Amino acid sequence: MAERRLMHAVQYDSYGGGAVALKHVEVPVPTPGKGEVLLKIEARSLNPFDCRIQSGIIPFLPQKFPYIPATDVAGEVMEVGSDVTNFKPGNKVVAVLSARNGGGLGGYALAKENSVVARPPEVSAAEAAGLPIAGVTAYLALTEAAGIKLDGPKKNILVTAASGGVGHYAVQLAKLGNQHHVTATCGTRNIDFVKSLGADEVVDYTTPEGTGLKSPSGLKYDVVIHCARGIPWSTFKANLSKNGKVIDLTPNPKAFCIFAWHKLTFSKKQLLPCIITPKSESLAWLVGLVKEGKLKTTIDSTHPLSKAEDAWAKMMSGHATGKIIVET
Ligand SMILES: NC(=O)c1ccc[n+]([C@@H]2O[C@H](COP(=O)([O-])OP(=O)(O)OC[C@H]3O[C@@H](n4cnc5c(N)ncnc54)[C@H](OP(=O)(O)O)[C@@H]3O)[C@@H](O)[C@H]2O)c1
């Protein structure tokens, strides 16, 4: 068997340790198996999920150590395994890697063919790399979980943590058809940014009004896309319309109890804990929107792979504005 080339990668050997536990190593370029493509990675984005895997709180992840973290990647197909029919070497793509195996902070990574989406030349690797988890979560939270049609009928929507990766896509998507009224929460420094995404009203979460999630114009929310943490149900309940729903993207154990209670009591106002699994057809649709200039990835910061620990530390801080990108 031919010997595989080596690639640079960033990995960790055990749970915990944060950015300082990341190690720069040289490891063999992986070989694509049946239904897999080998990608040369041009850009990856980080998600809070990546840091949560390292913290050890996600059951059964990673599959084994050492682990090369990160799942959201954009690059070029270098090789294809058997049974791959839709891609060939040279294709520019974006993909979501399996969280079990990771691989995003490597120079090359393996992706299942069904998790790979073509990337047109108008969409840069960095813009595309932001989309898989954050963009698809925003899209599916609005459309599947909340049942919102992006082109109407009109709903009053609240997006919490609208300056973050998920939130900044959610605001743009909710305003895509220009039908819905969007209130958004963020910190003081991001108010202008969130307005520029199209939000009709912006509430500073560091103020008493923000803590109370009050709409400046007194609107009650039909749907909340909840991307922040630590907001009690009583605060949501006070601000929901009669049949208002909170799509809770950051559910804690209490959220599941409240959800069960709402089901048992046929409550009209509901908290719905929600874990999104990225879908490649949704990713393809978002790539199309970026190509048409209808959706933008805001880049918080770009880091070279040789400084991936800086990107990791920024992700762990919880203060990204848009997406953190690691380029090769
Ligand atoms: N359920 C799912 O399937 C799913 C999928 C993807 C993500 N998530 C979760 O969704 C959450 C958001 O993800 P993300 O990628 O958007 O995170 P992120 O990019 O790290 O979000 C950071 C942003 O959130 C803002 N923020 C923090 N606390 C806030 C608060 N109380 N009110 C308003 N803004 C606040 C920060 O603003 P400042 O810097 O001003 O504080 C920062 O701009 C994470 O907890 C993530 O794990 C869940």
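This is a predicted model: local features need pLDDT of at least 70, side-chain atom pairs count only at pLDDT 80 or more; totals for chains, interfaces and linings use all residues.
A second residue with a positive phi is Ala 70, where the angle is near 90 degrees. Ala 70 belongs to the loop between α1 and β4. Ala 70 counts as buried because it has 28 C-beta neighbours inside 10 Å, and 20 or more are needed for that. Most residues other than glycine have a negative phi, and most peptide bonds are trans.

The peptide bonds also deserve a look. Leu 61 and Pro 62 are joined by a cis peptide bond with omega about -5 degrees, and Pro 62 lies in the loop between α1 and β4. Another cis bond runs from Gly 152 to Pro 153, with omega near 5 degrees. Pro 153 is placed in the loop between α3 and β8.

From here the chain can be followed into its strands. Strand β8 (residues 156–159) pairs with β9 in the parallel sense over 4 bridges, and Leu 158 stands opposite Thr 183 in β9. Together with helix α4 (residues 165–174), β8 and β9 make a right-handed β-α-β unit. From β9 the chain crosses through helix α5 (residues 191–196) to β10, and this β-α-β crossover is right-handed. Strands β9 and β10 (residues 201–204) pair in the parallel sense over 4 bridges; here Cys 186 stands opposite Asp 204. Strand β9 (residues 181–186) is mostly covered, with 5 of its 6 residues buried.

Next comes the ligand. It is surrounded by 29 residues, and the closest are Gly 164, Gly 165, Gly 187, Tyr 205 and His 319. The elements giving two or more residues to this shell are α1 (48–55), α3 (131–145), α4 and β9. By type, the shell holds 15 nonpolar and 14 polar residues, and no charged ones.

The last topic is the domains. The chain is divided into domain 1 (6–130 + 297–327) and domain 2 (133–273), whose centres, taken over C-alpha atoms, are 29 Å apart. The contact takes 11 residues from domain 1 and 9 residues from domain 2. On the side of domain 1 that touches domain 2, 3 residues are nonpolar, 6 polar and 2 charged. The shell around the ligand draws at least three residues from each of the two domains.

How values were computed:
Residues are numbered from 1 along each chain as its sequence is written. A residue is buried if 20 or more other C-beta atoms lie within 10 Å of its own, exposed if 12 or fewer, and partly exposed in between; C-beta atoms are placed from the backbone. Two strands pair if DSSP finds at least two bridges between them. A crossover is right-handed if, with the strands pointing away from the viewer, the path from the first strand over the helix to the second runs clockwise. A residue is near a molecule or strand if its C-beta atom, placed from the backbone, lies within 6 Å of it. Ala, Val, Leu, Ile, Met, Phe, Trp, Tyr, Cys and Pro count as nonpolar, Asp, Glu, Lys and Arg as charged, and the others, Gly among them, as polar. Domain bounds come from an automatic or database domain assignment. Two residues are in contact if their C-beta atoms, placed from the backbone, lie within 7 Å.
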